[in-house]
Amino acid sequence: MSDRVFVSNLCLHGFHGVHSAEKNLGQKFFLDMDCELAGPATTTDLMRNAVDYGALCDLAAKLSAETVFNLIETFAERIAQAVLDTQPLVQRVTVTVRKPSAPIRHFVDHVGVVVTRSRND
């Protein structure tokens, strides 16, 4: 069995990056969280026995608001660890962070990072 709960394209404004303009002005970041569960998504039809995707969004938003990260790699890692720390049903989580306004000289839709963490790591 491989049930999943996911969030796609959560948009957050943050002040993450290594350049001073990124830290002063901030920018949009888009996040995906894909949670592989240890068992069925639910057996009772009760929220207390499920992973709350609203809580996943709140967790990422709180981390983004409370901490300024130089690297989106660190941002993604902290989100992944927080999901594992707060969601006992999640066995493995993949967090994608996309940065559409990266200060680079090339024309890209976005740059980003993907991290996967599990309870076995």
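Predicted model: local features only at pLDDT ≥ 70, side-chain atom pairs only at ≥ 80, totals over all residues.
User: What makes the contact between Glu-36 and Arg-4 a salt bridge?

Analyst: Happy to walk through it! The N to O distance between the two side chains is 3.7 Å, and the cut-off is within 4 Å, so the pair counts as a salt bridge. Arg-4 belongs to strand S1 (residues 4–14) and Glu-36 to strand S2 (residues 27–37), so this contact ties together parts that are 32 residues apart in sequence.

User: Why is Arg-4 called partly exposed?

Analyst: Its relative accessible area is 42%. Buried would need under 20% and exposed over 50%, so Arg-4 falls in between. Glu-36, at 24%, is partly exposed too.

User: What makes Arg-98 buried or exposed?

Analyst: Arg-98 has a relative accessible area of 13%; buried means under 20%, so Arg-98 is buried. Its salt-bridge partner is Asp-32, with the closest N and O atoms 2.7 Å apart. Arg-98 sits in strand S3 (residues 90–99) and Asp-32 in strand S2, so parts 66 residues apart in sequence are tied together. Asp-32 is partly exposed at 22%.

User: How do you know that Glu-66 and Lys-62 form a salt bridge?

Analyst: Their closest N and O atoms are 3.8 Å apart, and the limit is within 4 Å, so the pair qualifies. Both residues are in helix H2 (residues 53–66), four residues apart, or about one helical turn. With a relative accessible area of 56%, over the 50% limit, Glu-66 is exposed.

User: Which residues are linked in a network of salt bridges?

Analyst: Arg-4, Asp-34 and Glu-36 are linked that way. The whole structure has five salt bridges.

How values were computed
Residues numbered from 1 in each chain as written. Heavy atoms only, no water. Helix = DSSP H or I, 4+ residues; strand = E, 2+ residues; numbered from the N terminus. Buried < 20%, exposed > 50% of the residue type's maximum accessible area, 1.4 Å probe, protein only.
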